Amino acid sequence: MDKVLVSACLMGRPVRYDGRAKPVDDALLDRWRTEGRLVVHCPEVAGGLPVPRPPAEIEPGATAADVLDGRAGILTPDGDDVTAYFVAGARAALAFALDRGVTVAVLKASSPSCGFHEVYDGTFTGRRRAGRGVTAHLLAEHGIAVFDEHGIGAADARLRGVGDTAVQGRTTS
């Protein structure tokens, strides 16, 4: 049975930078739990970051691929470089997912780790830009279908083999 990696903060675990969770109440998550499909993980904690911690964003203009290739970094508002933690967390998430037979991931939108469609723009002003977080990018590059919390229905369709399985992310209504 295909497994679903879900960001720990979406499952109610207080692992976000601010020490809080962003729980999602969704019948599909409940069904996946009952079916034994859920694999819960926080790449930032797995990479060694504490809770709470300063917020962090990918450098302005850089991509997740740039970060993973060592051409860019992930910084806090004070300029502290936390790139190594994010890269280690992304690699840990990939190993964790592959070890458990994960084929689909539902990750937290906009995060420098987990964002799939957009991330914060690196200016710490709350603005977002198109792009992926490092974990979302690495998982997708290794064939795992990545969705955010707004695309749980699409993730379920992917698991069931319904519709266009190449389309990942948000659902539209």
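Just after helix 6, glycine 161 takes a positive phi of about 75°. The model is predicted. Its chain has a mean pLDDT of 94, and 94% of the residues reach 70 or more. Over residues 164-173, however, the pLDDT is below 50.

Helix 6 spans residues 152-160 and packs with helix 1, which spans residues 27-35. The axes of the two helices are 9 Å apart and form an angle of about 40°. An angle between 35 and 65 degrees counts as oblique, and helix 1 and helix 6 are therefore oblique to each other. On the side of helix 1, the contact is made by Leu28, Leu29, Arg31 and Trp32. These residues meet Ile152, Gly153, Ala155, Asp156, Leu159 and Arg160 in helix 6. By residue type, the contact of helix 1 with helix 6 divides into six nonpolar, one polar and three charged residues.

Several residues of helix 6 are buried, namely Ile152, Ala155, Asp156, Ala157 and Leu159. Helix 1 is among the elements that cover these buried residues. The cover also includes strand 1 (3-7), strand 5 (102-107) and strand 8 (145-148).

Within helix 1 lies tryptophan 32. Its relative accessibility is 0%, so tryptophan 32 counts as buried. Leaving aside neighbours within four places in sequence, tryptophan 32 is in contact with Ile152, Ala155, Asp156 and Leu159, and also with Val4, Arg37, Leu38 and Val106. Tryptophan 32 and leucine 159 are 127 residues apart along the chain, while their C-alpha atoms are separated by 10 Å.

The structure holds zero disulfides. For cysteine 9, the closest cysteine sulfur is that of cysteine 114, at 6.7 Å. A disulfide requires the two sulfur atoms to be within 2.5 Å, so the sulfur of cysteine 114 is too far from that of cysteine 9 for a bond. Cysteine 9 is buried, with a relative accessible area of 7%. Cysteine 42 is likewise in no disulfide, and the nearest cysteine sulfur, that of cysteine 9, is 6.7 Å away. Cysteine 42 has a relative accessibility of 15% and therefore counts as buried, the limit for this class being under 20%.

Terms used: Residues are numbered from 1 along each chain as its sequence is written. This is a predicted model: local features need pLDDT of at least 70, side-chain atom pairs count only at pLDDT 80 or more; totals for chains, interfaces and linings use all residues. Side-chain values use heavy atoms; hydrogens and water are left out. pLDDT is the predictor's confidence in each residue, from 0 to 100. Contact means heavy atoms within 4.5 Å. Axes are lines fitted to C-alpha atoms, for helices over the stretch in contact, and angles run from 0 to 180 degrees between N-to-C directions. Helices (H or I, at least four residues) and strands (E, at least two) are DSSP runs, numbered from the N terminus. Angles under 35 degrees count as roughly parallel, over 145 as roughly antiparallel, 65 to 115 as roughly perpendicular and the rest as oblique. Ala, Val, Leu, Ile, Met, Phe, Trp, Tyr, Cys and Pro count as nonpolar, Asp, Glu, Lys and Arg as charged, and the others, Gly among them, as polar. Buried means under 20% relative accessible area, exposed over 50%, partly exposed in between (1.4 Å probe, protein chains only).
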